[in-house]
Amino acid sequence: MQRRKFIKKSSLSGLALTMLPTLSFASDNEIEYSILELMGKVDIDLYGEGINLRQEAHDAFLEMKKAAYSDGIDIKIVSSYRSFERQRTIFERKYLRYIDEGMSPLDAIDKIIEYSTIPGTSRHHWGTDIDVIDGYPKVEGDVLVPNLFKGGGPFENFKKWMDENSEKFDFHLVYTDVAKRNGFKYEPWHYSYAPLSVPMLTQFRSKNLMQILKNEEFEGSSEFTTGFIKNYVRNNILDINTSLL
Ligand SMILES: [Zn+2]
């Protein structure tokens, strides 16, 4: 029995040497992303006009869009890839506005991170995440408002379709409306392409975010303490849909 097992094993490893290396390199879990890439500081190849996702996520998005279209839904991307610099602009604009309104720096940051991320920590840096709506109903003003996706809202059917179908295309809602979830508020519009973003999050969380953010200088960044960053990682980065962990 022992002998047979051994032979079986060694012939398998012989096979592995000749055939498997190319296969394993093709797996996304094997890809290593640099911290600069995960922070949106590297120009990555993005695909699709108005889509701007990594190729695999782009292809899956088009499949999902096609399927939705035949059900009368026009999935429209409001936001997808965002660079560090773009996120920095968003963060600083909000920060300076809240400070102008008389908020303390820490209150301003707490208010920003209800919906927006600290530059370098956005899932939109990865080319895997999208904010989407239905392009058919005409909606004036800000479209990323939770009420618009609820019963009676213009995106009600869209949300229902996404609930039933998005995961067939590997797109998962990130910031769910689970009552006990902390961190970012419920975002019925933000979906993530799991086959790429799950390994990316695994690699991102293995980095020392405090050390990384210490090297950054933007409005408000000097307020970050170790305790604040620890909470931010636990709540805003990791308290998400568990299927994306
Ligand atoms: Zn988003």
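Before I start: when I write that residues touch, I mean heavy atoms within 4.5 Å.

Entry: confidence. I am working with a predicted model, so I checked the pLDDT before anything else. The protein averages 91, and 88% of the residues score at least 70. Over residues 1-26 the pLDDT is below 50, and I found three contacts for this stretch beyond near neighbours in sequence.

Entry: asparagine 241. I located this residue in the segment after helix H9 (226-237). Is asparagine 241 buried or exposed? Its relative accessibility is 14%, and the cut-off for buried is under 20%, so asparagine 241 counts as buried. Leaving out residues up to four places away in sequence, I see asparagine 241 touching His172, Leu173, Val174 and Thr176. With leucine 173 I also noted a polar atom of the asparagine 241 side chain 2.8 Å from the backbone oxygen of leucine 173.

Entry: the core. I counted 60 residues in the largest nonpolar core, where Phe61 and Ile75 touch the most other members. Helix H7 (residues 194-205) gives the most to this core, with six residues. I then listed what isoleucine 75 touches beyond four places in sequence; among them are Phe61, Val132, Phe158 and Trp161.

Entry: My search for cavities of 30 Å³ or more gave one. The largest cavity holds about 60 Å³ of space. Its lining includes Thr117, Arg123, Trp126, Tyr175 and Tyr232. Which helix supplies the largest share of that lining? I noted H9, with three residues; H7 and H9 each supply at least two.

Key. Residues are numbered from 1 along each chain as its sequence is written. This is a predicted model: local features need pLDDT of at least 70, side-chain atom pairs count only at pLDDT 80 or more; totals for chains, interfaces and linings use all residues. Side-chain values use heavy atoms; hydrogens and water are left out. pLDDT is the predictor's confidence in each residue, from 0 to 100. Helices (H or I, at least four residues) and strands (E, at least two) are DSSP runs, numbered from the N terminus. Buried means under 20% relative accessible area, exposed over 50%, partly exposed in between (1.4 Å probe, protein chains only). A polar contact is a pair of N or O atoms within 3.5 Å; within protein, one must be able to donate a hydrogen and the other to accept it, and residues adjacent in sequence count only if both atoms are side-chain atoms. A nonpolar core is a set of buried Ala, Val, Leu, Ile, Met, Phe, Trp, Tyr and Cys residues joined through side-chain atoms within 4.5 Å. On a 1 Å grid over the protein atoms alone, a cavity is a set of points where a 1.4 Å probe fits but cannot get out, and a pocket is an open set with protein on both sides within 12 Å along at least five of seven lines; lining residues have an atom within 4 Å of a point. Grid points are joined across faces, edges and corners, and a volume is the space filled by probe spheres set on the points.
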